[in-house]
Amino acid sequence: MFAKIVAVSLLTLASGQLLAAECKVTVDSTDQMSFDTKAIEIDKSCKTFTVELKHSGNLPKNVMGHNWVLTTEADMQPVATEGMAAGIENNYLKKDDARIIAHTKIIGAGETDSVTFDVSKLKADGKYMFFCSFPGHISMMKGTVTLK
């Protein structure tokens, strides 16, 4: 009898862990100006969400640096355009820009950075985009973020 109770308890525990939402993602960036994903889905049950950005290329950040920036779809291009003037020392992002929901720093070859943000900042019916704000990269390095 005890063995059955233990077995049922272990099965219940295991299935509960399988149902738990994954509240993080790893995004890889390359010297070919690309992210390895074009879409990120965030489960509504996540309180916070973490994005880990990796750079698997060989070039330094001043030549082929990348970051991960989250904004609404409408704010994406203006944030990127205005960020160019901010320079690499400010991650090509205007300081204290309220339109930016989350962002990593600019990284180069072999580096990683991560950002954790409050999921309550996103609306279920909102249209969100992630992109790299390094000048010229937004044309190829962007994707969608949806709350599911």
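**One residue and its contacts**

Author: The model is predicted. Leaving out residues up to four places away in sequence, Val145 touches Ile40, Ile42, Trp68, Leu70, Leu122, Tyr128 and Phe130.

Reader: Which residues touch the most other members of the largest nonpolar core?

Author: Ile42, Trp68, Leu70, Phe117, Leu122 and Val145 do, in a core of 28 residues. Strands β2, β3, β6, β7 and β8 each supply at least two residues of this core. The most comes from β3, which gives three residues.

Reader: And what does the second core include?

Author: The second core is separate and has nine residues, among them Met76, Val79, Ile100 and Phe131. As a general point, nonpolar side chains in soluble globular proteins tend to be buried together.

Reader: OK, strands now. What is the order in the open sheet?

Author: The order is β2-β8-β7-β4-β5, five strands with mixed pairing. At the edges are β2 (39–42) and β5 (102–103), each of which pairs on one side only.

Reader: What packs on the sheet?

Author: Helix α3, residues 73–83, packs there and touches β4 (69–72), β7 and β8. The direction of α3 makes about 125 degrees with that of β4.

Reader: Do β7 and β8 run parallel or antiparallel?

Author: Strands β7 (residues 128–131) and β8 (residues 142–147) run antiparallel, joined by four bridges. Within that pairing, Phe130 stands opposite Gly143 in β8.

Reader: And in which sense do β2 and β8 pair?

Author: They pair in the parallel sense, over four bridges. Glu41 has Thr146 as its bridge partner in β8.

Reader: Back to β2, then. Which side chains along β2 are buried?

Author: Ile40 and Ile42 are buried, and they point to one face.

Reader: Change of topic: rings. How many aromatic pairs are there?

Author: The count comes to five aromatic pairs. In one of them, the rings of Phe49 and Phe117 have centres 6.1 Å apart and planes at 55 degrees, so this pair is tilted.

Reader: Where in the chain are Phe49 and Phe117?

Author: Phe49 is in strand β3 (residues 48–55) and Phe117 in strand β6 (residues 112–118), 68 residues apart, so the pair links distant parts of the chain.

Reader: Are those two buried or exposed?

Author: Phe49 counts as buried because its relative accessibility is 2%. Phe117 is also buried, with a relative accessible area of 3%.

Reader: What about Trp68 and Phe130, how do they pair?

Author: Trp68 and Phe130 are stacked, at 5.8 Å centre to centre with 20 degrees between the planes. Trp68 lies in the loop between α2 (61–64) and β4, while Phe130 lies in strand β7, so the pair ties together parts that are 62 residues apart in sequence. Both Trp68 and Phe130 are buried.

Reader: Which residues do ring pairs link into a cluster?

Author: Phe35, Phe49, Trp68, Phe117 and Phe130.

Reader: Last topic, charges. How many salt bridges does the structure hold?

Author: Four. One of them joins the side chains of Lys148 and Glu41, at 3.9 Å from N to O. Lys148 lies in the segment after β8 and Glu41 in strand β2, so the pair ties together parts that are 107 residues apart in sequence. Lys148 counts as partly exposed, at 48% relative accessibility.

Reader: Which residues are linked in a network of salt bridges?

Author: Glu82, Lys94, Asp97 and Arg99 are. Glu82 and Lys94 form a salt bridge whose closest N and O atoms are 3.1 Å apart. Glu82 sits in helix α3 and Lys94 in the loop between α3 and β5, twelve residues apart. In the salt bridge of Asp97 with Arg99, the closest N and O atoms are 2.7 Å apart.

Technical notes:
Residues are numbered from 1 along each chain as its sequence is written. This is a predicted model: local features need pLDDT of at least 70, side-chain atom pairs count only at pLDDT 80 or more; totals for chains, interfaces and linings use all residues. Side-chain values use heavy atoms; hydrogens and water are left out. Two strands pair if DSSP finds at least two bridges between them. Contact means heavy atoms within 4.5 Å. Axes are lines fitted to C-alpha atoms, for helices over the stretch in contact, and angles run from 0 to 180 degrees between N-to-C directions. Buried means under 20% relative accessible area, exposed over 50%, partly exposed in between (1.4 Å probe, protein chains only). Rings of Phe, Tyr and Trp (its six-membered ring) pair if their centres lie within 6.5 Å; planes under 30 degrees apart count as stacked, over 60 as edge-to-face and the rest as tilted. A nonpolar core is a set of buried Ala, Val, Leu, Ile, Met, Phe, Trp, Tyr and Cys residues joined through side-chain atoms within 4.5 Å.
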